[in-house]
Amino acid sequence: MLCRNNYHVVGNGRIRSLGTAAEAAQAMADGSVRAVVGAIPFDVRERAALTAPETLEVHDGPWRPAPVTGAPRIRIDAMEPSLEAHRRRVADAVATLAASAGGLQKVVLARSVLLRAEEPLAAWDLASALRSADPRGSLFVTDLSPAGRAAALVGASPEVLVRKVGTRVSAQPLAGSAPRSTDAAVDRARGRALAASAKDLAEHRYVVAAIADALAPLCHRLDVPDRPELMTTPAMWHLGTPISGELRSHDLSALDVALAVHPTPAICGTPTVRARDHILATEGDRGFYSGAVGWARSGRDGGDGEWMVAIRCAEVSDDGLTARAWAGGGIVADSDPDAELVETQAKLATVLRALGVDPAADPTTDLSPT
Ligand SMILES: C=C(O[C@H]1C=CC=C(C(=O)O)[C@@H]1O)C(=O)O
């Protein structure tokens, strides 16, 4: 299920699973499947959790679940890596970037928290809690069993990787962040500081440039504003740039376009392959965090669809007893490792608060922004 503030899409049943994102795109191009739903991993060479659904229902308006009652008690079991290890990884990346060694200009490093529930947590209940926390936000819930994982991915991502309606394509890349504050004056000041931050504007430009470069050959018109807008979620301020264009071809699906831009420097880095290799060497396999979740019809059926970047999300095990949530941040040569830790803590709050976990109830230290 993918829910935006004006519509939601539900894929039901499974005609077949598609092994990788490339196989899914090929199956739609050759007409053997008419639509796909599910998740693309961060590393597209890995198994995807994509299926050809029996039915694809597109509903007007957002998903409106019944409020959850009796949510299980959940606690943070482990941080992977530890806060100190993440800080070291960021500091090492800053040193590499500052020396321009290997040509790396930006890399997005992430950490995760392992959560344990006293009673089983239902993935759909987490989605419902995320909905209550931010009734206008986007949401996704997707089964990861097609990739061999006994789990579902649930998230409230604010970032649109690509949306395609007819030949019109759009994206809303985000990069550059500041935690929200409960104090209105402090909150506004943080937004203003973010909009003026040379470091965050530079971090953002890498993403916009990469998406514009990937979309330009596919489009006969592409509008790329030359400065980002400020946008908010309940937990974060972000810099975002609304990009839109008109595709040359009628045959592309939203999955083709998603694969042309993924992984963007919002979740990987610049240049892409060097940043991806740095992430894999530092963090190991990220699975579906920082992949994409969405749906697409085949080009023959118009190719419409939409893919959200899989951030602000958690993988909930099928037994409901464990979940893993992630948060990352873009690192450039003048990033501050302490500020990066605070940023990941603030990003994790989206999922942790929905689960009733106090993000400040961190077993090692209190990084909570005020
Ligand atoms: C990688 C994440 O956020 C991305 C989206 C918005 C802002 C970001 C940043 O400022 O680094 C990241 O690019 C995450 O939430 O895990």
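Helix α3 (residues 123-133) is largely enclosed by the rest of the structure, because 8 of its 11 residues are buried. A residue is taken as buried if 20 or more other C-beta atoms lie within 10 Å of its own, as exposed if 12 or fewer do, and as partly exposed in between, with C-beta atoms placed from the backbone. Helices (H or I, at least four residues) and strands (E, at least two) are DSSP runs, numbered from the N terminus. The model is predicted: local features need pLDDT of at least 70, side-chain atom pairs count only at pLDDT 80 or more, and totals for chains, interfaces and linings use all residues. Residue numbers start from 1 along each chain as its sequence is written.

The buried residues of α3 are Ala123, Asp125, Leu126, Ala127, Ser128, Ala129, Leu130 and Arg131. Their cover includes β9 (139-143), β10 (151-155), β21 (313-317) and α8 (337-354); contact here requires C-beta atoms, placed from the backbone, within 7 Å. Helix α5 (residues 198-215) has 18 residues and spans 26 Å from its first C-alpha to its last, close to the expected 26 Å at 1.5 Å a residue. The expected span is 1.5 Å times one less than the number of residues. Among the buried residues of α5 are Asp200, Glu203, His204 and Arg205.

The largest nonpolar core holds 113 residues, of which Val36, Leu126, Ala258 and Ala310 touch the most other members. Such a core is a set of buried Ala, Val, Leu, Ile, Met, Phe, Trp, Tyr and Cys residues joined through C-beta atoms within 7 Å. Strand β8 gives the largest share of this core, 7 residues. Apart from neighbours within four places in sequence, the contacts of alanine 310 include Ala39, Leu153, Phe288 and Ser290.

Strand β2 (residues 7-12) pairs in the antiparallel sense with β1 (residues 2-3) over 2 bridges, where pairing requires at least two DSSP bridges between the strands. A hairpin of 3 residues joins β1 to β2, and leucine 2 stands opposite valine 9. Strand β2 also runs antiparallel to β6 (residues 55-60), with 6 bridges between them; tyrosine 7 has aspartate 60 as its bridge partner.

Most residues other than glycine have a negative phi, and most peptide bonds are trans. The peptide bond from glutamate 80 to proline 81 is cis, with omega near -5°, and proline 81 is found in the loop between β7 (74-80) and α2 (83-98). A cis bond also links threonine 270 to proline 271, with omega near -10°. Serine 290 has a phi near 70° and lies in the loop between α7 and β19 (292-297); with 24 C-beta neighbours inside 10 Å, serine 290 counts as buried. Arginine 312 has a positive phi of about 50° and lies in the loop between β20 (305-309) and β21. Arginine 312 is buried, with 30 other C-beta atoms within 10 Å.

Technical notes
Two residues are in contact if their C-beta atoms, placed from the backbone, lie within 7 Å.
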